[in-house]
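Please look through the sequence and the coordinates before reading on.

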Amino acid sequence: MGTESAAGAADSEDERRNVSDAAGFLLLAACATWSLITAAAHGGRPEGILLAVLAVAAGYASGRIFGALLPVTAPAVGALMGVGFTVAAPHTTPGPQPPVPLGHSGAVAALLTLSSGAACCAAWAARGPAPRFALRLSVAGIAGVAAALGSMAGLLASIGVLLYSLAADRTRHRARVLTVFALVAALVTAATWAMAGNVTPGAPSALLEDQLGGHRVLLWHDALALAREHPALGAGPGRFGELSPMAGQSLLPDGKPHSAPLQQAAEQGLIGLALLTAVFCWFLHALRRTQRPTSIALTAGAALTALAVIASVGDALSFAAVTAGAGTLAGIATARPLWDGEGPGGQHVVNRAESTSETEEHSR
């Protein structure tokens, strides 16, 4: 009777997990549809949003597949690929060069942060102290790459993800921690909007403006003005560059306000901003429901939250490699490994009662 009850609970958990996946892909479909609606209403170029949505969906699906087949190798290879993309990207070579676009600096920090999260997830999935130590040591190498490329945000985020991952195994209430992650992202977004609206106190605002750059804050002012002018449908996807007075005055104009929430609000209205927020919350909800260990779920959550913070003050989500990497990391962290090892030679995970008991313990 106990085994049958546990099996029934496991089946119920699988159903809730499938519903969560379906809801997430419906959210992504809504993001794509809304970009087409706003483009039809005010003109614009929705291709960037469509590409980002496709990258997230493809990354999440591939992460679920490879995370189930290769729970250690998949995140380790993902981390290596993230570093490779970062080093091979243009405008990342250190030394004398023209000013680096704000977008590229945000993408560098985002990719290195996701790579650190993937390496830490691989470390928790590995067996034995030696491979775990080697994988965590690789995060120090990723931080070194960030320092070599001059990405202070990438350096701090990589070290932060590593330090939190080391402590994540002691956490027993993942829902509370993931709620804190959501609040952190919300507070950073609120601070960004406060700076854009000139409502922050003088001294803190001046300090943050010195760190972020005055031109970026002026771009935020223009984005907030467009959001107030077009609160429902926005000004149209991809139209910020042609409507913002400050966007054309940059030495290297890219037509971006360098803040994902402000860009969504300016170009796609409050509904577009709500959809972006819902996708992030879906990621956190999927990590809460996953049957993977809490250490893996919270490590991925920390990396995704760091990405959300970077995207709030930079132009990280405009790069397909970043959005695909975010989806892949979330997929790997929510995949259920088919084997206890790295292949069919390992012990097959068939004890659904133990898996269900672990999930119920994490949910409490």
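## Basis and overall fold

The model is a predicted one, in which local features require a pLDDT of at least 70 and side-chain atom pairs count only at pLDDT 80 or more, while totals for chains, interfaces and linings use all residues. Residues are numbered from 1 along each chain as its sequence is written, and side-chain values rest on heavy atoms, with hydrogens and water left out.

The protein contains 14 helices and 0 strands, where helices (H or I, at least four residues) and strands (E, at least two) are DSSP runs numbered from the N terminus. Of its 364 residues, 47% count as buried, a term that stands for under 20% relative accessible area, with exposed meaning over 50% and partly exposed in between (1.4 Å probe, protein chains only). Among contacts between residues at least 6 apart in sequence, 79% join residues at least 24 apart; contact here means heavy atoms within 4.5 Å.

Two packed helices are described by the angle between their axes and the distance between the axes. The axes are lines fitted to C-alpha atoms, for helices over the stretch in contact, and the angles run from 0 to 180 degrees between N-to-C directions.

| Helix pair | Angle between axes | Distance between axes |
|---|---|---|
| α11 (residues 260-289) and α13 (residues 320-334) | about 20 degrees | 9 Å |
| α5 (residues 129-148) and α6 (residues 152-168) | about 165 degrees | 8 Å |
| α7 (residues 174-196) and α12 (residues 294-313) | roughly 5 degrees | within 9 Å |

Angles under 35 degrees count as roughly parallel, over 145 as roughly antiparallel, 65 to 115 as roughly perpendicular and the rest as oblique. With an angle of about 20 degrees, α11 is therefore roughly parallel to α13. From α11, Phe283, Ala286 and Leu287 meet Ala326, Gly327, Ala330, Ala333 and Thr334 of α13. The residues of this contact divide into 6 nonpolar, 2 polar and no charged, given that Ala, Val, Leu, Ile, Met, Phe, Trp, Tyr, Cys and Pro count as nonpolar, Asp, Glu, Lys and Arg as charged, and the others, Gly among them, as polar.

For α5 and α6, the angle makes the two helices roughly antiparallel to each other, and α5 passes α6 in a left-handed crossing. On the α5 side the contact involves Arg136, Val139, Ile142, Ala143, Ala146 and Ala147, which meet Gly154, Leu155, Ser158, Ile159, Leu162 and Leu166 in α6. By class, the residues of the contact of α5 with α6 are 9 nonpolar, 2 polar and 1 charged.

Helices α7 and α12 are roughly parallel to each other, and their contact comprises 12 nonpolar, 6 polar and 1 charged residues.

The 17 residues of α6 should span 24 Å at 1.5 Å a residue, and the end C-alpha atoms of α6 are 24 Å apart, which agrees; the expected span is 1.5 Å times one less than the number of residues. Buried residues of α6 include Gly154, Leu155, Ser158 and Leu162.

Helix α13 has 15 residues and reaches 21 Å from its first C-alpha to its last, close to the 21 Å expected. Among the buried residues of α13 are Ala326, Gly327, Ala330, Ala333 and Thr334.

## Selected residues

Leucine 329 lies in helix α13 and is buried, with a relative accessible area of 4%. Leaving aside neighbours within four places in sequence, leucine 329 is in contact with Leu114, Gly117, Ala118, Cys121, Ala300, Ala303 and Leu304.

Alanine 122 belongs to helix α4 (residues 102-125) and counts as buried at 0% relative accessibility. Not counting residues up to four places away in sequence, alanine 122 touches Val72, Pro75, Ala76 and Leu135. The C-alpha atoms of alanine 122 and alanine 76, 46 residues apart along the chain, are separated by 5.6 Å.

Histidine 258, found in the loop between α10 (240-243) and α11, has a positive phi of about 60 degrees although it is not a glycine. Histidine 258 is also buried, with a relative accessible area of 3%.

Conventions:
Left-handed = near helix turned anticlockwise from the far one by under 90°.
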